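Thanks for coming, everyone. I have one structure to walk through, and I will keep it short. Please take a look.

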Amino acid sequence: VPDARPISACTCSRKGLMMRLPSFLALAALLVFVGTSCSRLTFVKPASKRIAYEEKGSAYSVSDSAATKQRLATQDRLALASQRLQSGDLASAEREATAVLKINPGSADANTILAIVQDQKGNSERAGGYYKRAAELAPTQGAALNNYGAWLCGNGHEAESLLWFDRAVEAPGYNSPASAYANAGGCALKVGQYERAQRDLLKAIALEPTNAYALASMAESEFRQGRYFEARAFSERRLAAAPANAAVLQLAVRIEDKLGDTVAASRYSQRLRAEFPEAVSANPG
């Protein structure tokens, strides 16, 4: 989903819910919170093939062990599932990921794929179950923890989500902490925890200066607190960092109105009407 949600909502950054291909728990662009980041998913790199040597009399034969064959089969199906997910073939992605769970019920990656499939289908509650299961199976994988936190924040469990974001940024080896910080800040803002929001959003921006979700959330936070010049600065940085969405342009209009810059406000209003006429129709005022 592109960066098109209200600014106060967690959007995968799911940079996220929603992704690249395997080590798959960080699959960043497919998730429901894609684009501005609530979760980065990655894909699984097939592991190198290992072989077992068996001596038969004076001759040697080379073969895969049963465990190796199972692992390779799982990796192949995970890779196929993620490819199908990227191409929008949800039925095939679901089928392959379900097959992986039959081979390996403890696969966090397969649960993540199924969570994304259910999210894409609009089955939020089922998606949440899979996100939770992935996080439980991979308690030291920052991406899995971030994904579940993003789901919680987007489904009315803001306070609980902050605990999962905290776990994500503390996870060893997590290479996308900016995503978790941005999601935590956006969720804190959603419930009016401005101090926490500013702390986490600034951490996200320090790590990733062009994090669109963090910049948009900072602009919203400053606006709500009446710091309109600061809000303008973050709004302009957000517009420079990534393509605009309706919420970002609407906020820019509100900021310029408060600053009394009718020319700038009119310019953003014109962009809003030209680029997102459906948003203007939905909110004619």
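Let me start with a question: is the crossing of α8 and α9 left-handed or right-handed? It is left-handed. Keep in mind that this is a predicted model.

Let's stay with that pair. Helix α8 covers residues 194-207, and helix α9 covers residues 212-224. The two pack at an angle of about 145°. Their axes are 9 Å apart. Who makes the contact? From α8 come Tyr 194, Gln 198, Leu 201, Leu 202, Ala 204 and Ile 205. Facing them in α9 are Ala 214, Leu 215, Ser 217, Met 218, Ser 221, Glu 222 and Arg 224. Sorted by class, that contact holds eight nonpolar, three polar and two charged residues.

Now step back to the whole chain. It has 285 residues, and 52% of them count as buried. How many helices and strands are there? The chain has 13 helices and two strands. Its accessible surface is about 12900 Å². Carbon and sulfur atoms account for 51% of that surface.

On to another helix pair. Helix α1 spans residues 66-86, and helix α2 spans residues 90-103. They pack at about 160°, with axes 8 Å apart. Angles over 145 degrees count as roughly antiparallel, so α1 is roughly antiparallel to α2. This crossing, too, is left-handed. On the α1 side, the contact uses Gln 70, Thr 74, Arg 77, Leu 78, Leu 80, Ala 81, Arg 84 and Leu 85. On the α2 side, we find Leu 90, Ser 92, Ala 93, Glu 96, Ala 97, Ala 99, Val 100 and Ile 103. By class, that gives 10 nonpolar, three polar and three charged residues.

Take Gln 118, in helix α3, which runs over residues 108-121. Is Gln 118 buried or exposed? Its relative accessibility is 1%, so Gln 118 counts as buried. What does Gln 118 touch, beyond its neighbours within four places in sequence? The contacts are Glu 94, Asn 123, Arg 126, Ala 127 and Tyr 130.

Then there is Ala 159. It sits in helix α6, residues 158-170. Why does Ala 159 count as exposed? Because its relative accessibility is 60%, and the cut-off for exposed is over 50%. Now look across to Cys 187. Ala 159 and Cys 187 are 28 residues apart in sequence. In space, their C-alpha atoms are 8.5 Å apart.

That's my tour. Thank you.

How values were computed:
Residues numbered from 1 in each chain as written. Predicted model: local features only at pLDDT ≥ 70, side-chain atom pairs only at ≥ 80, totals over all residues. Heavy atoms only, no water. Axes fitted to C-alpha atoms, helices over the stretch in contact; angles between N-to-C directions. Helix = DSSP H or I, 4+ residues; strand = E, 2+ residues; numbered from the N terminus. Parallel < 35°, antiparallel > 145°, perpendicular 65-115°, else oblique. Left-handed = near helix turned anticlockwise from the far one by under 90°. Contact = heavy atoms within 4.5 Å. Nonpolar A, V, L, I, M, F, W, Y, C, P; charged D, E, K, R; others polar. Buried < 20%, exposed > 50% of the residue type's maximum accessible area, 1.4 Å probe, protein only. Areas by Shrake-Rupley, 256 points an atom, 1.4 Å probe, with all protein chains shown as cover.
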